[in-house]
Amino acid sequence: MRRLLTLVRVALKVNFGLSVLYHRVFKEKKDIWIVLVAALALIGVFPTLYGYLKLIKGLYGVLQPLGQEQAILTFGLLAGQFLILLFGLYYVVSAFYFSKDLGMLIPLPLKPFEVMMSKFTVILVNEYLTVLAIVAPVLVYFGILAKAGFSYWMKALVVYLLLPVIPLAIVSLLVVGMMRVVNLSRKKDALIIVGSLILITAGLGLQFVLNRSAGSKPDAEAMAKFFTSPDSLLRRVGAGFPPSVWATKALTGGFSGAGLLNLLIFAGTSLALLYGILVMAEKLFYRGLVGIGEISGRRKTLSQAEMSRMISSGRRPVKAIFRREWRIMNRTPIFLLNGVLTVILIPVLFIVMARSGTGDNAFILKAMGSAKPVYIILAAAGFLLISGCLNGTSSSTFSREGSQFWMSKVIPVTPREQVIAKFLHSYVIALVGIAAGLVVVIAVLRLKAAVCVAAAAFALTGAVALTAVGMIIDLARPLLEWTNPQKAIKQNLNVLLALFADLGVLAVLGIFLRFLVKAGIPGNAILFILFATVILLSSFSYLFLLRLAEKRYQEIEV
Amino acid sequence: MLDLQHVSKSYNRGKIKAVDDLSLVVSPGEIFGFLGPNGAGKTTTIKMIVGLLNPDAGTITVNGFDTQKNALKCKSITTYVPDYPAIYDRLSGLEYLNFIGDVYGVPKKDRLERIEKWLDIFELTQAISSPIQSYSHGMKQKTVLIAALLPAPQVMVLDEPMVGLDPRASHHLKELMREHCDQGKTLFFSTHIMEVAEKLCDRIGIINKGKLIACGTMAELKRLNEEQSLENIFLELTDK
């Protein structure tokens with residue numbers, strides 16, 4: 001046990017880079033700006049938190065008279081657990097199988113379950129931080145609104161600590177099983193991608209089926225039952241994932257009877273699954289892990305003709321760097337899953353949500369039908385931009401190079417050319433996302449062709465600005481020292497900062513739109529003014545990126 | 001030609017002087033060996049020459065071009081082999097070499113000719129279409145060496161290039177280094193192998209605690225220190 005604790009302590013230090021950060025901020029006084037950025041990010045969080053709390057209060061006000069207020073808890077817990085289930089997959093695959101320290105840990109006299117548990121704990125701690133924003137406000141504010149007693153707060157703490165265990169354990173069990181099979185094959189990278197896609201699709205499919213079955217009986221009897229039973233709404237909300245229902249009942253059921261029973265079920269299931277992964281780790285973890293990084297290349301002498309075909313001619317740095325970016329991104333499973341897959345996943349999630357919901361889709365369609373065309377175009381453009389740009393591709397473009405960045409420093413290619421190639425790569429990924437978003441706009445929302453064309457024009461122009469903003473942030477502070485590729489893209493603060501910055505750009509445009517509407521400017525003129533603004537914004541951010549590149553490539557030392 | 005004048009570099013806000021007022025000149029046609037204990041400032045010096053680090057003071061010129069003011073020109077005539085072959089391991093060996101050819105603008109005919117020749121010499125022909133990820137450390141090192149030779153640079157800067165190479169490859173590399181300088185080009189490399197430095201280098205520099213403490217031909221170093229082998233000279237000089 002002491003060995004495991006030591007291992008966990010070291011793993012946490014490595015993951016959060018605490019020792020390095022402490023040294024750099026307080027000893028070298030080098031990254032002191034991190035304290036400023038953290039303070040700024042905290043300030044940026046407050047308006048969002050205020051909105052979220054207002055929403056919770058509003059919902060509580062509506063549901064409490066109907067006796068259905070517990071559903072708020074279920075909704076919050078479910079959202080947190082669903083997020084972990086969906087994105088935990090990336091964390092688990094990457095931490096369990098692609099951390100570079102595994103090569104050092106395997107030869108040590110440690111049991112497989114100890115190594116896996118140290119990684120599991122790191123992910124668990126990361127997930128506490130991830131769900132902090134979604135679940136903690138619900139737990140705390142609900143407790144305050146319901147004037148909950150001591151037992152609620154105690155149980156809320158237990159529920160919060162156990163919350164990620166069930167979804168993470170499920171994902172871990174699936175991934176460890178999957179990797180055992182993957183490791184048997186020569187085409188490991190391809191299998192990891194296919195396997196992950198199957199797991200995500202299965203997860204979404206399950207959600208789809210459960211939601212459909214939960215909302216398929218809108219008859220009078222069901223409606224009557226719905227309003228007379230205090231937990232009907234929570235059961236309906238939590239149908240997709242029962243642990244969220246157990247946790248809600250545990251929280252609201254007092255310290256005896258149903259409350260205690262549900263707490264026991266929730267904690268018992270968590271511990272049982274934890275035990276399950278310990279057993280599985282001992283049996284399967286090393287069999288999936290040892291040799292996963294070994295790629296057996298085929299040894300084949302190329303003929304003169306083959307060699308000649310594969311070799312290009314002359315100096316063409318932009319094309320060469322674009323191809324390098326494309327190949328590395330698509331051939332690194334963690335990058336592919338987080339980049340290209342995410343731009344496709346957002347629209348797919350939207351379709352699943354729209355198709356599985358009972359009335360939401362119709363509501364959106366109705367809202368779309370009654371709104372003015374200018375708003376429909378802008379709303380659709382906003383959706384396309386979110387589909388295409390809210391992924392970590394542009395904001396991790398320099399960080400992804402990691403220890404290989406030295407090559408970008410020594411090759412005789414101007415920073416300007418290098419950044420143009422990288423921009424084109426991120427922009428192409430954004431195009432894939434915009435195209436996927438367009439499919440949703442056309443197939444689900446059934447918008448008119450002219451509206452789609454106008455929205456696409458907006459999105460294509462705006463994507464230049466958002467891509468450039470992401471790259472500017474990553475270029476300002478690239479994260480080049482990482483042992484786990486996940487850190488370059490998913491756990492990279494730049495990705496989060498870029499996300500806030502992108503949302504900020506969209507918010508500013510929204511405020512500008514409101515101003516134009518209030519000023520009584522006609523619809524078509526508003527469209528024209530906004531389009532001109534987006535073109536200006538895109539041109540400015542792109543040119544600024546090119547200028548910054550010249551300065552930063554010189555400054556960054558490796 | 002490589003010219004370093006009063007070059008200094010410190011870390012930790014000036015607290016650690018990695019390179020301290022270093023001046024040296026490497027003439028065309030010369031193999032210059034750079035020796036020193038661990039942490040003496042060899043890699044820092046090399047990184048400043050190739051533009052990975054910016055000097056705090058002093059100037060570095062490559063064939064007369066300042067590395068700070070005319071960085072692109074310097075890069076186009078210099079190639080570098082790092083102490084650890086961290087290269088794009090998701091590309092195949094051939095894709096990587098082709099990338100280097102593309103960015104340095106090597107004509108197709110030269111590319112084909114050179115790649116085939118060095119693949120053959122370093123016995124990499126069969127592995128070249130496989131991902132670099134599947135290579136051993138030595139194979140990666142050979143790939144980086146071929147990439148450094150591919151543009152036929154005026155100046156080559158190598159940081160411990162023999163590490164990880166088998167004896168045959170090491171032998172070929174030494175021949176190629178000599179061949180490179182016989183064409184009137186410049187080669188600067190660091191090593192811990194005294195025997196290689198003694199036999200291969202036209203001139204040797206020894207750095208300790210950031211300062212160049214000795215520089216000259218093997219005969220000059222022997223005269224100055226009354227020692228017979230480079231190993232003894234090295235031990236004597238760095239034991240202070």
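Let's start with the open sheet in chain B. Four strands form it, in the order E2-E1-E4-E5, and the pairing is antiparallel. The edges are E2 and strand E5, residues 65-66 of chain B; each of these pairs on one side only. Keep in mind that this is a predicted model.

Take the strands in turn. Strand E1 of chain B covers residues 2-11, and strand E2 of chain B covers residues 16-26. Seven bridges hold this antiparallel pair. The two strands make a hairpin, with four residues between them. In that turn sits Asn12(B), with a positive phi of about 55 degrees.

Next, E1(B) and strand E4, residues 57-62 of chain B. They are antiparallel too, over five bridges. Leu2(B) has Val62(B) in E4(B) as its bridge partner.

Now look at Asp3(B). Which residue stands opposite Asp3(B) in E2(B)? That is Val25(B). And in E4(B), Asp3(B) stands opposite Thr61(B). Those two bridges show E1(B) pairing with E2(B) and with E4(B).

Asp21(B) is not a glycine, yet its phi is positive, about 50 degrees. Is Asp21(B) exposed or partly exposed? Asp21(B) has 14 C-beta neighbours inside 10 Å, so it counts as partly exposed.

Strand E3, residues 31-35, pairs with strand E9, residues 203-208. Here the sense is parallel, over four bridges. Phe32(B) stands opposite Arg203(B) in E9(B).

E9(B) also pairs with strand E10, residues 211-216 of chain B. That pair runs antiparallel, with five bridges. Ile204(B) has Gly216(B) as its bridge partner in E10(B). Again we get a hairpin: E9(B) and E10(B), with two residues between them. Lys209(B) lies in the turn, and its phi is positive, about 50 degrees.

Over to chain A. The secondary structure is quick to state: 26 helices and zero strands. Of its 558 residues, 39% are buried. Take the contacts in chain A with a separation of 6 or more: 84% of them come from residues 24 or more positions apart.

Chain A has a positive phi worth checking as well. Lys147(A) is not a glycine, and its phi is near 50 degrees. Where is Lys147(A) found? Lys147(A) is in the loop between helix H7, residues 135-145, and helix H8, residues 150-162, of chain A. Lys147(A) has 7 C-beta neighbours inside 10 Å, so it counts as exposed.

Now the cores. In general, nonpolar side chains of soluble globular proteins tend to be buried together. The largest nonpolar core here has 119 residues. Ile377(A), Ala380(A) and Ala455(A) touch the most other members. Helix H4, residues 70-97 of chain A, gives the most to this core, with 16 residues. The core also takes in both domains: at least three residues come from domain 1 (48-215 + 228-289) and at least three from domain 2 (317-555) of chain A.

Zoom in on Ala455(A). Set aside neighbours within four places in sequence. Ala455(A) is then in contact with Ile377(A), Ala380(A), Ala381(A), Leu384(A) and Val441(A).

There is a second, separate core of 80 residues. Its members include Ala18(B), Val26(B), Ile46(B) and Cys181(B).

How do the chains meet? The contact takes 37 residues from chain A and 38 residues from chain B. On the chain A side, the elements giving two or more residues are helix H15 (304-310), helix H16 (317-331) and helix H21 (405-410). Which of them gives the most? H16(A) does, with six residues. By class, the chain A side has 14 nonpolar, eleven polar and twelve charged residues.

Last, confidence. Chain A averages a pLDDT of 82, and 83% of the residues score at least 70. Among the elements of chain A, H21(A) has the highest mean pLDDT, 96. The lowest mean, 57, belongs to helix H11, residues 220-228. Where pLDDT is low, the predicted coordinates should not be read in detail.

Terms used:
Residues numbered from 1 in each chain as written. Chains lettered and ligands numbered in written order. Contact = placed C-beta atoms within 7 Å. Nonpolar A, V, L, I, M, F, W, Y, C, P; charged D, E, K, R; others polar. pLDDT = per-residue confidence, 0-100. Core = buried A, V, L, I, M, F, W, Y, C linked by C-beta atoms within 7 Å. Buried ≥ 20, exposed ≤ 12 C-beta atoms within 10 Å, placed from the backbone. Domains from an automatic or database assignment. Pairing = 2+ DSSP bridges.
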